[in-house]
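Reader: Hey, could you walk me through this one? I'm new to reading structures.
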Amino acid sequence: MSGEDEYRGTGDGIRGTAKGTAPVPLSVLDLVTVGAGNTASGAIRTAVDIARTAEGRGFHRYWVAEHHSMPGVASSSPAVLLAHIAAHTTSIRLGSGGVMLPNHAPLVIAEQFGTLEAMAPGRVDLGLGRAPGTDGATAAALRRTVPHSLKGMGGAPTLHEGADEFPQQLAELTRFLDDSFPDGHPYAKIHAVPGPVQATSPGGVQSPHRPPLWLLGSSGFSARLAGSLGLPFAFAHHFSAANTVPALDLYRASFRPSEVLSEPYALIGVSALATEDEQEARRQVRTGALSMIRLRTGRPGLIPSPEEAAAYAFSERERDFVDSWLGNVIHGTPDAVRQGLDDLAKRTGADELMITANAHGSAARLRSYELIADAYGLPRG
């Protein structure tokens with residue numbers, strides 16, 4: 001099959017449909033976490049299981065996020081992971097939440113996601129972030145070319161993200177995706193393949209679909225840019241909760257209708273874990289809190305087990321961090337999680353909730369998505 005016959009996506013490629021009693025469409029953000037005692041291979045097998053569970057229970061989309069030099073996160077190559085997930089699913093939308101645009105040449109991203117679109121026509125999203133998704137030294141290793149601001153004290157590389165560069169990179173990527181560089185442009189004869197150029201070649205037939213662009217953010221910069229360009233916006237509420245409402249307000253105020261959207265559409269990433277027992281939920285989510293403490297103190301590692309987190313001697317300052325962190329993680333029984341998600345959707349006005357279930361083991365994460373689906377009466381596909 002080719003063209004429209006291959007399309008198994010839903011809606012307009014951006015807007016989802018709320019299922020069951022959910023207030024808005026529900027989706028999944030998978031960090032492909034690696035717990036202590038587990039392997040990256042096991043984490044990727046779990047990613048497939050989560051994507052298939054999400055698809056079978058009516059979640060709208062499944063995204064993975066680019067991270068680097070983090071032993072507990074096996075999602076350094078979103079395009080590779082998504083190709084694998086595409087081979088094991090048939091209808092759920094798949095995408096990046098996100099690809100960190102400054103780490104890559106725009107042409108490379110256009111080629112990768114054009115290839116994904118050819119593999120899964122009509123169900124691929126391309127979410128883009130402007131942060132490196134890692135520390136400055138790792139970003140330098142990824143990019144190889146060293147900008148002026150990368151030469152730090154004592155030879156240690158540092159990285160300054162030029163906000164002015166991201167819109168230019170985004171515009172270049174869009175041109176490659178649309179094959180729309182004007183005559184006379186240095187890239188006018190360069191084409192991202194698979195892509196639209198194949199439809200204009202003699203005898204060419206090309207899929208009518210092109211991955212929709214999303215802008216991701218944890219502050220106001222991408223919110224304003226997404227609004228001004230009329231693009232959908234995804235906000236990282238799961239690690240920047242204090243900025244959620246201001247960023248969404250800024251996005252909506254900045255929004256200008258485009259060929260992509262006639263009105264704003266914003267999703268937020270939400271940490272949520274449901275278990276049958278409230279104490280078990282707290283035991284599980286404390287592993288994520290300990291993992292974040294280690295990451296923020298320069299000691300990133302595998303996701304600790306619940307037993308390790310329970311035995312860890314938190315300092316007073318660390319306990320304050322845990323309390324603050326867990327205050328933004330919706331966890332508990334399915335009814336409690338459903339109420340928390342309902343309240344968050346109402347408070348923020350988000351058009352979609354993208355749930356990330358952070359726990360040490362695969363069983364707890366898979367079970368959480370099933371319990372949340374049950375709590376909302378999502379149908380089994």
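Reader: What share of the contacts with a separation of 6 or more comes from residues 24 or more positions apart?
Author: That share is 73%, where a contact means heavy atoms within 4.5 Å. This is a predicted model, where local features need pLDDT of at least 70, side-chain atom pairs count only at pLDDT 80 or more, and totals for chains, interfaces and linings use all residues. Residues are numbered from 1 along each chain as its sequence is written, and side-chain values use heavy atoms, with hydrogens and water left out.

Reader: Ok, how many helices and strands are there?
Author: The chain has 13 helices and nine strands, taken as DSSP runs numbered from the N terminus (helices H or I, at least four residues; strands E, at least two).

Reader: Is α13 mostly covered or mostly open?
Author: Mostly covered, with 10 of its 14 residues buried. Buried means under 20% relative accessible area, exposed over 50%, partly exposed in between (1.4 Å probe, protein chains only). Among the buried ones are Arg 365, Tyr 369 and Glu 370.

Reader: What covers them?
Author: The cover includes β1 (26-30), α1 (40-56) and β7 (266-274), as well as α9, α12 and β9.

Reader: And what comes just after α13?
Author: Gly 377, which takes a positive phi of about 65°.

Reader: Switching topic: why does Met 100 count as buried?
Author: Because its relative accessibility is 10%. Met 100 lies in strand β3 (residues 93-100), and its C-alpha is 9.4 Å from that of Leu 216, 116 residues away along the chain.
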